[in-house]
Amino acid sequence: MTVLLWILGILALPVVIAAVWFTGVFVKELFSPSPPGPDEAAEAAERLGLLPAERQDTEHAAPLPAPWTEALDAVRGGDWQPAAEVLGGIGRDWERRTTVTGLLGTLAAEDDAWLLAWEAACPDDPDAAVVRAQSTVDLAWDLRGAKTAEYTTQEQFEGFRRMLVSAREEIGRAAALNPDDPTPYIVEIWVALGLGYPHAEMDKLWAEITTRAPHHFGAHLSALQYWCAKWRGSEQQAFDFAERAAAGAPLGSLLSVLPLVAHFEHDESTTVAADSTPEMVARVDAGLADAAAADPGHPGLARLRHLLAFYLHLQDRHEEALEQFKLVDGHVDALPWRYRGDGAAAYYCRVRNETVQAVTGTA
């Protein structure tokens, strides 16, 4: 009898354990509030004045200065003169000149009637020439398309290469018309990347740029792409370039973003552990100091802030992350969101809302 009871007790033990476990779960659910769903997270963000996904600008990383917006609107209507006035007023501010040239070049690649009118009215205008160079490079990349090589046709590749070769002539003309301007050479980085310049030739091009603008933010971001493993370099070469440039740059130049970009471009880990190492924490801290010292109107500042918000979130530094999100909210054309294509705004809002939950205690 004793043996029988002992056996029955052993058989009943799993049932008892299960009952205790289910009771514990029930009590926990009874007295602990359920975590909020996506709607509650979005509501918490909106209470802080943050915008929903459908109201995020997916074409810019930050608001454009009013004169730039007005010039772009005028160009869309066929009037080139406001654009000429903006570029003329920028003068030797190479960072802003390169940024505006990029904006105008994008529009000219879509429809260049206004640029043709500008060139006809001012045949040797270096501003019109550099926009033409930029637009030719943009058109080349449009012809190639955004898909990987396996999904790009031979016809696309041929048109791409042909247009990039043509762009070199336009770049040379723009450089000759304004010898001090680094912008034509910065535009050429994307020719180097597309045509596969040897490293020695890229080094020569880089010397032309840094002689004229040693700490140019946009130039460094473009050059880093060349040195990434997915293009013409390797992970080691990308990090070497990024760390060297960041170490030699003055505070406020924003070049502290480069190691963060290099990490993002080569990170294949599936957990956040790689984003929270002492080295990554130090990189984020350097970025925060850089952003605090920068010109508030620097065209690249928002791009650094977007990455800071992302990595601060991954490092569970949510208060600091939310501060950065508040400074950039409304515009999402920046890493890490832009690689999500049509889902950029939704991805941005999901990460941002997780940060809001952590800070407000709604999670």
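This is a predicted model: local features need pLDDT of at least 70, side-chain atom pairs count only at pLDDT 80 or more; totals for chains, interfaces and linings use all residues.
**The chain as a whole**

Let's start with the big picture. The protein chain has 17 helices and zero strands. It holds 363 residues, and 45% of them count as buried. If you look at contacts with a separation of 6 or more, 69% of them join residues 24 or more positions apart. The chain exposes about 18400 Å², and carbon and sulfur atoms supply 57% of that area.

How many of its residues are buried? The count is 10 of 10, so that α13 is mostly covered, with buried meaning under 20% relative accessible area. The buried residues are Val257, Leu258, Pro259, Leu260, Val261, Ala262, His263, Phe264, Glu265 and His266. Note that this list includes Glu265 as well as His263 and His266. The cover over these buried residues includes α11, α12, α14 (278-293) and α15.

**Two helix pairs**

Two packed helices are described by the angle between their axes and the distance between the axes. The table sets out these values for two pairs in the model.

| Helix pair | Angle between axes | Axis distance |
|---|---|---|
| α13 (residues 257-266) and α15 (residues 301-314) | roughly 60° | within 10 Å |
| α11 (residues 217-227) and α12 (residues 235-247) | about 155° | 8 Å |

Take α13 and α15 to begin with. Their angle makes the two helices oblique to each other, and α13 passes α15 in a left-handed crossing. On the α13 side, the meeting residues are Val257, Leu260, Val261, His263 and Phe264, while α15 brings Leu304, Leu307, Leu308, Phe310 and Tyr311. The residues of this contact divide into nine nonpolar, one polar and no charged.

Now for α11 and α12. The crossing of α11 and α12 is right-handed. His220, Ala223, Leu224 and Trp227 of α11 make the contact with Gln237, Ala238, Phe241, Ala242 and Ala245 of α12. Sorted by type, the residues in the contact of α11 with α12 come out as seven nonpolar, two polar and no charged.

**Backbone details in the loops**

Most residues other than glycine have a negative phi, and most peptide bonds are trans.

Leu254 sits in the loop between α12 and α13. Its phi is near 75°, a positive value in a residue other than glycine. Is Leu254 buried or exposed? Its relative accessibility is 0%, so Leu254 counts as buried.

Asp316 is found in the loop between α15 and α16. Its phi is also positive, at about 60°, although Asp316 is not a glycine. Because its relative accessibility is 58%, Asp316 counts as exposed.

The bond from Leu335 to Pro336 is cis, with omega near 5°. Where does Pro336 lie? Its place is in the loop between α16 (318-328) and α17 (344-360).

Terms used:
Residues are numbered from 1 along each chain as its sequence is written. Side-chain values use heavy atoms; hydrogens and water are left out. Axes are lines fitted to C-alpha atoms, for helices over the stretch in contact, and angles run from 0 to 180 degrees between N-to-C directions. Helices (H or I, at least four residues) and strands (E, at least two) are DSSP runs, numbered from the N terminus. Angles under 35 degrees count as roughly parallel, over 145 as roughly antiparallel, 65 to 115 as roughly perpendicular and the rest as oblique. A crossing is left-handed if the near helix is turned anticlockwise from the far one by less than a right angle, and right-handed if clockwise. Contact means heavy atoms within 4.5 Å. Ala, Val, Leu, Ile, Met, Phe, Trp, Tyr, Cys and Pro count as nonpolar, Asp, Glu, Lys and Arg as charged, and the others, Gly among them, as polar. Buried means under 20% relative accessible area, exposed over 50%, partly exposed in between (1.4 Å probe, protein chains only). Accessible areas come from the Shrake-Rupley method with a 1.4 Å probe; for residues, only the protein chains shown count as cover.
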